[in-house]
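I'd like to walk you through one protein chain, a piece at a time, so please have the picture open as I talk.

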Amino acid sequence: MSILTVLEFPDKRLRTKAKKVTVFDKKISTLVDDMFETMYDFKGVGLAATQINVHQRVIVIDVSEEKNAPLCLINPEIIETQGTEESEEGCLSVPGFFEMVTRAQKVKIKALDKHGESFELEADELLSVCIQHEVDHLEGKLFVDYISAFKRNRIKAKLDKIHKLEAKKR
């Protein structure tokens, strides 16, 4: 397994819409395993393939405290939503920033596992938020798209400055 590089906002590749997975082979299995390893290493609760510059509809999630409940969603579709709630969100692709975002309180999804087997899942609380957040990534959307342009531009400017300083160190 490998720890992969996570793209950071405002990288334009994060805006790429992911394509459906049609082949379930060793390559997909390895991708899923590497994504879990990367997510755990970065201490995240979710990771979309788009964030590692792989533009396929693959998501990994683990919202458990013990990090022992891995969930893989391939070609996920949100088929039902209920209610709304506002919660603070962060993102591995927008490191160090957290903002309030309004999302559906509950979701029902259908997806495939890493072997191509279909399943449905109902989620609420953090799992619901995480699923919606990661599905957005597959559509080329980030949580900063839900906040004001002023806040989004401030975050972009700060991350641009950090990226330039890091580039000078190399």
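Let's start with lysine 67, which counts as partly exposed, at 33% relative accessibility. You'll find lysine 67 in the loop between E2 and E3. Its backbone is worth a look: phi is positive, about 55°, although lysine 67 is not a glycine. Please keep in mind that what we are looking at is a predicted model.

Which other residue has a positive phi near 55° without being a glycine? That is asparagine 75. Asparagine 75 sits in strand E3, and with a relative accessible area of 9% it is buried. One more backbone feature while we're here: the peptide bond running from phenylalanine 9 to proline 10 is cis, and its omega is near 15°. Proline 10 belongs to the segment before H1.

Now let's zoom out to the whole chain. It has three helices and five strands, and if you read along the sequence, the pattern is α-β-β-β-β-β-α-α. Does the chain's radius of gyration agree or disagree with that of a compact globule? With 170 residues, such a globule would have a radius of gyration near 15 Å, and the chain has 16 Å, so the two agree. Along the principal axes, the C-alpha atoms fill a box of roughly 45 × 40 × 30 Å.

The chain exposes about 9400 Å², and 51% of that is supplied by carbon and sulfur atoms. Here's a number about the fold: among contacts with a separation of 6 or more, 65% are between residues 24 or more positions apart.

Next, helix H1. H1 has 16 residues and reaches 22 Å from its first C-alpha to its last, close to the 22 Å expected at 1.5 Å a residue. Its buried residues are Ile28, Ser29, Leu31, Val32, Asp34, Met35, Phe36, Thr38 and Met39. What covers them? The cover includes strand E1 (46-48), E2 and E3.

That brings us to the largest nonpolar core. Of its 17 residues, Ile28, Val32, Met35, Leu47, Val58, Val60 and Ile74 touch the most other members. The elements giving two or more residues to this core are H1, strand E2 (58-61) and strand E3 (71-91). Which of them gives the most? H1 does, with six residues. Apart from this core lies another one, of 16 residues, including Ile61, Ala111, Ile131 and Val135.

Let's stop at leucine 47 for a moment. Not counting residues up to four places away in sequence, leucine 47 touches Val6, Met35, Thr38, Met39, Ile52, Val58, Ile59, Val60, Leu92 and Glu134.

A pair of aromatic rings is described by the distance of the centres and the angle of the planes. To count as a pair, ring centres must lie within 6.5 Å, and planes under 30 degrees apart count as stacked. By this rule the count comes to one aromatic pair. The rings of phenylalanine 36 and tyrosine 40 have centres 6.0 Å apart and planes at 20°, so this pair is stacked. Both residues lie in H1, four residues apart, about one turn of the helix. An α-helix has 3.6 residues a turn, so residues three or four places apart point the same way. Buried or exposed? Phenylalanine 36, at 11% relative accessibility, counts as buried, whereas tyrosine 40 is partly exposed at 28%.

Let's finish with the other two helices. Histidine 137 lies in helix H2 (residues 125-138), and it is buried, with a relative accessible area of 1%. Leaving aside neighbours within four places in sequence, histidine 137 is in contact with Leu14, Thr16, Ala48, Thr50, Gln51, Cys91 and Leu142.

Helix H3 (residues 149-169) holds lysine 161, which is exposed, with a relative accessible area of 59%. From the C-alpha atom of lysine 169 to that of alanine 157, twelve residues apart along the chain, the separation is 19 Å.

How values were computed
Residues numbered from 1 in each chain as written. Predicted model: local features only at pLDDT ≥ 70, side-chain atom pairs only at ≥ 80, totals over all residues. Heavy atoms only, no water. Phe/Tyr/Trp six-rings, centres within 6.5 Å; stacked < 30°, edge-to-face > 60°. Buried < 20%, exposed > 50% of the residue type's maximum accessible area, 1.4 Å probe, protein only. Core = buried A, V, L, I, M, F, W, Y, C linked by side-chain atoms within 4.5 Å. Contact = heavy atoms within 4.5 Å. Rg over C-alpha atoms; globule rule 2.2 N^0.38 Å. Areas by Shrake-Rupley, 256 points an atom, 1.4 Å probe, with all protein chains shown as cover. Expected span 1.5 Å × (residues − 1).
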